[in-house]
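Please consult the sequence and structure shown below.

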Amino acid sequence: MSLSPKASEPSVQSNDFASLPDDIVRNIESILGDEAHVPDSYRYYHGLAYSVREQLIRNWMNTQRAYYDSMVKRVYYLSLEFLPGRFLMNCLTNMQIRKVCSEAVENLGLTMEELEEVEMDAGLGNGGLGRLASCYVDSMASLCIPGYGYGILYDYGIFFQSIVNGWQEESCDNWRRQGVPWEIPRREQLYEIRFYGRSEAYQDDQGRLRYRWVDTGNVMAMPCDILIPGYGGEHVTNMRLWTARSSSDFSLKHFNLGDYMRAMEDKVISENLTKVLYPNDELMQGKELRLKQQYFLVAATFQDIMRRYKKEHGALSAFADHVAVQLNDTHPSIAVAELMRLLLDEEGMSWEQAWSICTRTFAYTNHTVLPEALETWPVDLIGHVLPRHLEIIYEINHRFLQEVAERFSEDQGRLERMSIIQEGPVRRVRMANLAIVGSHTVNGVAALHSEIIKNGLFRDFDEFFPGKLTNVTNGVTPRRWLLQINPDLSELITSAIGPDWTCNLDLLRDLIPLADDSQFRQAFAAAKLANKKRLARYVLRRMGMGINPHTMFDCQFKRMHEYKRQLLNVLHIITRYNRLKSNPGVDHPARTILFGGKAAPGYFMAKLIIKLINSVAGLINNDPEVNRHLRVLFLPNYCISQAEKVVPAADLSEQISTAGYEASGTGNMKFSLNGALTIGTMDGANVEIMEEVGADNIFIFGLEEGQIEAERRQGYDPFSYYEKDQELKQTLDMIAAGRFSPDDPGLFMPIIDNLLRNGDYYLLLADYRPYVQAQERVDELYADKEQWMRKAILNTANMGKFSSDRAVMEYARKIWNVTPLTAEQLSG
């Protein structure tokens, strides 16, 4: 249960913002150096943001004092990605000052919606991994759990996506170009980060063999804080994001000699380190840069952790009693070697002392079921960039394999699988194995995912470390993903069951009886329609295309990847189109099918599927016989602020990945929480959603994970499905014949080849007919609006389990051994 303030209790808004209009004007004049008498959304957004930040800083300082005074154990959540979206509305919602700020802005001649649109989404992450990290920081703040998120302050996000002639085009996501008022740079607190060089052995003054890292190339890490308020606004934590600074900014000597490029070279090379999220790692230079980014985050963070620890405590022997480090996926797992280096080389500990501290400090979250998705680095690359760390990794591996051999001396295959070093033509360091060996707990992110990794991916480790592998099902913050983005539904829920659900999502179960109340169903439907109209206005502004809010909004918004099977959705769309053409009199519920998601720049097949979606959309949307019943759109540049408009408006949520491939997913949770029904496979968190909402309130179809394995063992033949299913054959033949690419008939043949000739790896054709049949059940239910709305209410009502508050409290109790601050500790 949350320890944050109840939604009904007074928040910081009562007295602290009485002078808000004057504060906005003061900040425009004193910080922006501009005049405030002419209403301008850019100026007033910054004026309001700085006013809110002032209160955040006061509460953050009180929070930090409470941490030090209470000598509490702290959590450090390390993630290469955060995906916070826009900060303004999240702060206003969590501080419970949205109403007072809206009134102040309106009195100044603008609307909150105008100010909100000024802010750009923070380009600090890409997909679910980063969004999960942001939800968890929000819940840590709201639950008063002492801790921080640590990441990198990328100057440019992954990319800005445009759709040109149906193709994805990427451009620079310069999200900081207008200034970010939420950033608090700590220029006085630089840390030196080392790369390259060599490891040198020496004897210390007691005659012990020691090592030091010498002849290094150095970069400075500057911290930049972004404050994150918990619900109620009193407990404020922060993301501490690192940005690279050159150790020698400018060469005046070269400048005076006229070599202006050389004068800036060191600065540019050093600061490239934090320029871009996920540099292209197809080239060796990109691989090296990505490895350096990971170590840069880890090395700066641990210097900061050590600084903070030593302010409060003496001997490092108690380090793990006061510090919990969570590794969000394998990206920061070089931290295991870095902490060992600090304890061995800098603090002079024995190996046994250092390893004991290390393995009691770290916990690791795994986010994949795919062996090929587990990060590995060439041994030679790590040896070049981090020579001392490679020595430490070898020693960790040597000692670990000795332990394994003692128990499984005859099982050479097990030794090879569990080794941190992967042998082969190019020897590689398995970062997941390093994280598992160096952590006290490893967790999956959904019940199915955790079972898969325990029984498959990490079976050897589960047998060797009984109990180390566990599960914490992902969750989403209800403050962001219901209260903030869906005010109409939130107000309805609050009027029915009170406001405390924002802090205890299990209370949504009180809505269950109201699913049978016709007046409540009517009000629920009205809230959904209002959200659909809001999305329709957004689509009209962005794309110049009208969509009918009285049609079913069928939504698939997620990263473009073949296993997520956007292509299966397209096959159903073409089938639906063919049925409408051949039977124009059949009364099917009208649908608007919406897609969104980015494909990695080098991912040819995903980009070709985007082109196919847009080509199919072009044909359907321009066919007057069909377009009243079916429209298809791909919304460009999917991001958090776009999701905030899409999620509340969705009627149907497409979660159709190949079973066994999605670790969890959190989009499925957000859509269901906002009253969308799910059509999906038994994959990831879909399994647990079905258990919570009931099998009658979700559309499950397709092969399950065990059936897929059996199908492959028996020799899966996709061509047999093509031959025996006439609608599937017609659909694929239309694509192959160039019906959707008349100017280039062979354009989509790589898709056809993948499905029919190259094995259909993600089993789209096996699941095609069950998917179409599930869509028929969707049509049948949607035609009965009362029953559809009843099931939508039951979806919302049964989503309490999927709160990030529940997930973070599980981490706190099971993994971090951290206790939330009490109200007395926080108030001092």
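Two strands pair if DSSP finds at least two bridges between them; helices (H or I, at least four residues) and strands (E, at least two) are DSSP runs, numbered from the N terminus. The model is predicted, so local features need pLDDT of at least 70 and side-chain atom pairs pLDDT 80 or more, while totals for chains, interfaces and linings use all residues. Residues are numbered from 1 along each chain as its sequence is written, and side-chain values use heavy atoms, leaving out hydrogens and water.

**Sheet**
- Three strands form an open sheet in the order β13-β15-β14, with antiparallel pairing.
- β13 (376-378) and β14 (421-422) are the edge strands, each with a single partner, so one side of each has no neighbour in the sheet.
- Three bridges join β13 and β15 (residues 428-430) in the antiparallel sense, and P378 lies opposite R428 in β15.

**Helices α23 and α24**
- α23 (residues 566-582) packs against α24 (residues 604-621) at about 20 degrees, with the axes 10 Å apart; axes are lines fitted to C-alpha atoms, for helices over the stretch in contact, and angles run from 0 to 180 degrees between N-to-C directions.
- α23 is therefore roughly parallel to α24 (angles under 35 degrees count as roughly parallel, 65 to 115 as roughly perpendicular).
- The contact (heavy atoms within 4.5 Å) includes V570 and Y577 of α23 and I609 and V616 of α24.

**Helices α32 and α33**
- The axes of α32 (residues 764-782) and α33 (residues 785-797) come within 6 Å and cross at roughly 110 degrees, so the two helices are roughly perpendicular.
- V778, L781 and Y782 in α32 meet K785, Q787, W788 and K791 in α33.

Methods: Angles under 35 degrees count as roughly parallel, over 145 as roughly antiparallel, 65 to 115 as roughly perpendicular and the rest as oblique.
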